[in-house]
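Here is a short tour of a structure.

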Amino acid sequence: MQQHEIHHFLERYFRANQCEIAENGDGYLITELTIDMDKELMNRPFYWHYIEKTGGTPAPMTLTFITKQTKETEKLKGERLHFGSPRLHQIFQSAQKRGSYIRLYENIQPSEQQFVPLHPWLGLNVKVSYQCDRKRDFLLSLGLHLINGAIVEQFQDRLEQLELTPKIPDYCFTITPLIKPQSGIVRLEQYIKNMIQQDDHSWADEALKRWQEDIELLDHFYEEIDERPECYYIEKEALEEQYKPRIHVSIINGGLFYLQPRPNVS
Amino acid sequence: MKVEIEFDSTWKEGFLERLEQDGPWSSWDLYQLSLEVAHRLSIPDFYGLQAPNHLPHLTPLPHQLEVAKQVVEKMNGKAILADEVGLGKTIEAGLILKEYMIRGLVKKVLILVPASLVSQWVTELNEKFFIPAVQQKKSYVWEQCDVVVSSIDTAKKSPHKEIIYEQNYDMIIIDEAHKLKNNKTKNYEFVQNLKKKFCLLLTATPIQNRIEEIFHLVSLLKPGHLGNAAYFTEKYGKTRSLHADEHLKSLVNKVMIRNRRTDTGIEWSKRNVETMIIEFSKEERELYNAVQSLKNISAGSPFSLITMLREVCSSREALFVTLKNMLKKHEGETPPYFNELIEKINMVTKNSKAEKALELIQSINDKVIIFTEYRATQLYLQWFLKQHGISSVPFRGGFKRGKKDWMKELFKNKMQVLIATEAGGEGINLQFCHHVINYDLPWNPMRLEQRIGRVHRLGQTNDVYIYNFAVKDTVEEHILKLLYEKIHLFERVIGELDDILTKVELHNFEDYLHDIFFNSRSEGEMRIKMENLTAMIDFADNLNKGGTTYAAT
């Protein structure tokens with residue numbers, strides 16, 4: 001992540017969380033936190049407890065972030081952020097937590113006051129991790145049409161093209177899902193499972209081979225000892241944890257999207 | 001190949017709850033940001049290193065990055081990091097740990113280091129790697145903190161040991177791991193019974209004396225890699241060095257990485273070495289002669305006699321301590337020579353070496369480290385310098401961790417001189433100082449390297465000055481001549497000597513020297529033996545220059 005990307009990220013994060021951006025300069029950003037965001041980022045529960053108990057005037061903090069070294073920022077007192085700095089990761093976590101669940105409607109202005117139906121979609125962004133003693137992730141974005149059961153990939157990319165709004169627009173009505181969101185999740189899980197099963201898993205075969213080799217070495221090490229000592233079993237367990245191939249699927253975020261039906265989609 | 005697929009259900013639960021309560025829902029902006037974070041944090045490939053992207057302020061050296069890559073990609077996260085002193089093994093370990101943490105493969109970590117290094121590790125991991133490492137101070141730390149740094153001596157004791165065994169560590173890092181070369185020790189047993197999913201063993205000297213040491217070290221990391229004990233002894237028991245057996249070497253290199261200074265292509269600051277030959281006073285000389293004459297009446301073992309001679313060269317105090325201990329052993333029955341020696345000790349009124357040291361320190365007028373082999377000398381020197389208005393800091397291996405840090409800070413910020421005994425030399429980084437006095441010389445050249453490595457390491461920007469003290473016409477002068485004039489030890493880059501000694505299979509260099517000094521019946525014989533030794537080393541040296549260079553071991 002480049003420094004200007006970090007800057008851009010911060011700007012959007014604080015705006016999205018209703019924090020005033022007091023200054024947005026070259027290589028720095030000053031933001032006034034809301035009470036809510038102060039609680040989220042500043043880790044001072046005692047202060048807030050005190051203010052709430054005494055009815056004092058809350059004074060959320062103003063933060064200065066420096067994203068580039070310039071003559072100007074050199075004199076500035078603030079937190080220098082880069083990819084990997086703990087503060088940025090705290091903000092990352094907060095963003096992830098605050099952006100998990102969504103419900104949006106496609107914003108359309110129907111002509112001639114005619115009522116337009118919006119179809120329900122379940123959208124999920126998913127992280128799949130292949131893990132042994134090594135690890136690789138990839139992300140999937142899937143959409144499930146909750147009426148006819150059609151599944152599309154790169155769903156997020158389609159959404160990005162549309163204008164979306166949290167309130168249902170005038171003259172629009174939603175169609176009730178035939179597939180319940182809960183079973184929609186199950187369908188998408190099944191879809192992901194099939195996708196994974198068709199993938200190349202030589203990584204797992206290789207890990208199993210490494211695992212087996214080390215088990216053989218271990219057995220050889222203790223072969224002349226009649227009763228295996230405890231450390232033999234400990235080591236064996238360690239090898240399993242080290243090498244055993246696992247696939248982990250977790251949902252990054254997702255929700256319901258009510259979209260105008262399009263001929264090419266469903 | 002069928003791998004089990006695990007679905008995380010936490011999101012689902014939250015979603016169903018929101019459906020029921022009709023919200024709250026995120027904004028589209030936050031939703032997009034959240035996905036962007038996931039993109040940024042996902043690991044695109046099994047291979048390569050992610051850590052450097054997370055550490056833009058840290059510029060690891062090429063060899064350090066290479067080590068990290070190799071450990072992750074080729075060694076499956078279990079390795080002995082055996083770079084020579086001063087090449088940054090801590091940085092390598094930090095990079096590897098960071099890599100695994102970023103990849104989400106490691107969360108809970110136990111780092112065992114010598115007591116004197118605990119806080120240094122904590123600081124480096126936090127400041128250089130943003131790894132929230134915590135020093136173990138209270139027993140709840142084991143359970144509550146993810147990355148804990150402790151000394152092995154604390155960890156192996158109850159109740160800590162039991163608590164540690166209950167933790168589920170993803171990674172174990174052990175610094176100065178050569179201390180685990182003996183499989184009969186409590187430390188070894190403790191580490192053997194730790195579950196080691198990923199494991200790094202750090203040591204600059206994977207083999208100090210015997211080939212079995214590498215067997216024990218490797219067997220901790222990867223039992224069976226070098227066969228079992230019986231197999232190893234039968235197959236390699238007679239091998240004197242790793243170089244002697246290509247097969248063994250290549251096996252070891254699968255689990256061990258060793259970089260040498262010469263391989264790294266880094267330009268080191270210069271090393272200036274000055275020998276200072278000191279003349280004994282009349283009384284000191286008499287004391288020395290008196291000890292030497294014990295050889296004829298064959299008192300004690302050769303070892304203790306040579307030790308005593310070396311002690312006289314250091315300080316009368318050092319000799320006195322030994323005599324006192326001998327007396328204890330004789331249970332009060334004084335050997336005939338005892339009183340004579342005590343009398344001679346009492347006659348000595350000054351320490352010629354100490355006076356030279358004082359003069360030198362005054363003229364340097366900058367920070368100086370004095371190394372001595374003897375605690376009595378250390379105490380004496382501290383007193384002596386104080387008499388002349390120079391405050392100094394003592395440093396010993398036995399100091400508690402906090403005291404070591406304190407002493408180092410005192411030396412850095414307040415005092416001119418640090419007086420360290422051998423054991424105190426290990427692991428501390430003193431790059432802010434560039435003058436070293438070897439008040440007496442260790443006979444093991446590797447230990448001399450360890451000493452110099454304290455200051456002549458990465459991060460040393462000044463040229464380093466080393467002053468070697470030796471008393472004229474004593475064993476010390478012989479040794480110095482050998483180390484300095486014949487082997488050119490001090491001009492060598494660190495590690496070269498290791499190579500050479502390995503080539504001539506001179507692992508017990510020290511024993512060899514003892515033999516020369518004690519068993520030679522005349523000065524002439526001694527000279528011839530010394531010349532033989534020098535010739536052997538020269539021979540190996542030539543081999544080294546003309547011959548192959550080894551990538552590892």
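## Strand to strand

V249(A) stands opposite F7(B) in β1(B). Strand β11 of chain A (residues 246–259) pairs with β1(B) in the parallel sense, over three bridges. Strands are DSSP runs of E, at least two residues, and helices are runs of H or I, at least four residues, numbered from the N terminus. Two strands pair if DSSP finds at least two bridges between them.

## Basis of the model

This is a predicted model: local features need pLDDT of at least 70, side-chain atom pairs count only at pLDDT 80 or more, and totals for chains, interfaces and linings use all residues. Residues are numbered from 1 along each chain as its sequence is written, while chains are lettered from A and ligands numbered from 1 in the order in which they are written.

## Where the chains touch

In chain B, 58 residues are in contact (C-beta atoms, placed from the backbone, within 7 Å) with 69 residues of chain A. On the chain B side, β1 (5–7), α1 (10–21), α2 (28–41) and α3 (51–54) each supply at least two residues. The largest share, twelve residues, comes from α2(B).

## Inside chain B

The largest nonpolar core has 73 residues, and I111(B), M171(B) and L201(B) touch the most other members. Such a core is a set of buried Ala, Val, Leu, Ile, Met, Phe, Trp, Tyr and Cys residues joined through C-beta atoms within 7 Å. Buried means 20 or more other C-beta atoms within 10 Å of a residue's own, placed from the backbone. Helix α5 of chain B (residues 89–102) gives the most to this core: seven residues.

Note on methods:
Contact = placed C-beta atoms within 7 Å. Buried ≥ 20, exposed ≤ 12 C-beta atoms within 10 Å, placed from the backbone.
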